[in-house]
Amino acid sequence: MKEITTINNNDLAIAKEIIDNCDTVLIGAGTGLSAAAGFLTDDFETFKRLFPGYTRRYGLRTVAEAVSFYFPSAEEHYAFLARYISAFRCSTPPEDVYTNLLDMVKSKPHFVITTTTDGQFVNAGFEKQRIYSPHGDLSFFQCSMPCTKKLVPNRKMVELMLDDLSENPFAIRSSNIPTCPRCGSFLEPNILESVNFNSIPWMQKSTDYIDFLRNSVKGKLVLLELGVGSESSTIIRYPFEYIAANYKNSILIRVNLNDYLTEVPFADKQTLSYRIDIKEFCSSVTQYV
Ligand SMILES: [Zn+2]
């Protein structure tokens, strides 16, 4: 395994050359990619900016804490959710990591598997049919029971809830609490963290992913893994390492400051590990491509 720990032109030119000369690119993205784009779920300053007053009122300090917090009322729960979905799903990220990434791979057949739920690949212009996101998408609600597997786009509901916050910044009107049109239960974001997460609509995309892989391993495949921590080992890290170890024309480019080592036997021989910031990697390599 070649490890690269500093940002310099020669080392980034290697990644550029590999991508230039490959037939297909498979992107594997974890929450580290969203963080590199500026969507920080564990940062107090970000939380204070996006959720003013929440620390004083609820004792919360980060988005990650708030996502799993039991708010005193449904009206307050949905006030938080409306702010959260608006800031993390509907907004453009502070950094242009995703657009640089698209520039990097758009001339090649490519596919994305991601554990992120903020939909920023779609927002940046990646085609929906090229994305497999098994942990769901914040832009959809699902029945909390769930009585149906059908998902509901939530943008209009979020806008209505945000309007309510001009009267009370911490609670929406009871009449705007989103409920299932079939059974009347509350609607919840269709993401892995929700109770009774409905993964069925996303799992159907797994066949597209498998088809892409089946064809790609016949040629030169680049596995571009960005910000995938150990929590996604079985979904992205191990499969990527396995492919690199077993298909000689495949190469794994891993960009990760912390979890940079490989674990699958022989994967290290086909791995290029960039221990640098993803934002820097994407902007620098894009300048070359
Ligand atoms: Zn229902």
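What arrangement do the four donor atoms around the zinc ion make, and why?

A: Happy to. This is a predicted model, where local features need pLDDT of at least 70, side-chain atom pairs count only at pLDDT 80 or more, and totals for chains, interfaces and linings use all residues. Residues are numbered from 1 along each chain as its sequence is written, and side-chain values use heavy atoms, with hydrogens and water left out.

The arrangement is tetrahedral because the four donor atoms subtend angles of 101 to 120° around the zinc ion; four donors count as tetrahedral if all angles lie between 85 and 135 degrees. Those donors are the SG atoms of Cys143, Cys147, Cys180 and Cys183, at 2.3 to 2.4 Å. A donor here is an N, O or S atom within 2.8 Å of the metal (3.2 Å for Na, K and Ca), and since water is not among the atoms, sites may look incomplete.

Along the chain, the donors follow the spacing C-x3-C-x32-C-x2-C. Within this set, cysteine 147 and cysteine 183 link distant parts of the chain, 36 residues apart. Cysteine 147 sits in the loop between β5 (136–143) and β6 (152–153), and cysteine 183 in the loop between α9 (155–164) and β7 (187–191). Helices (H or I, at least four residues) and strands (E, at least two) are DSSP runs, numbered from the N terminus.

Cysteine 147 is partly exposed at 31% relative accessibility, and cysteine 183 is partly exposed at 38%. Buried means under 20% relative accessible area, exposed over 50%, and partly exposed in between (1.4 Å probe, protein chains only). Cysteine 22, by contrast, is buried at 5%.

Terms used
Four donors count as tetrahedral if all angles lie between 85 and 135 degrees; four count as square planar and six as octahedral if opposite donors are over 155 degrees apart and all others between 65 and 115; anything else is irregular.
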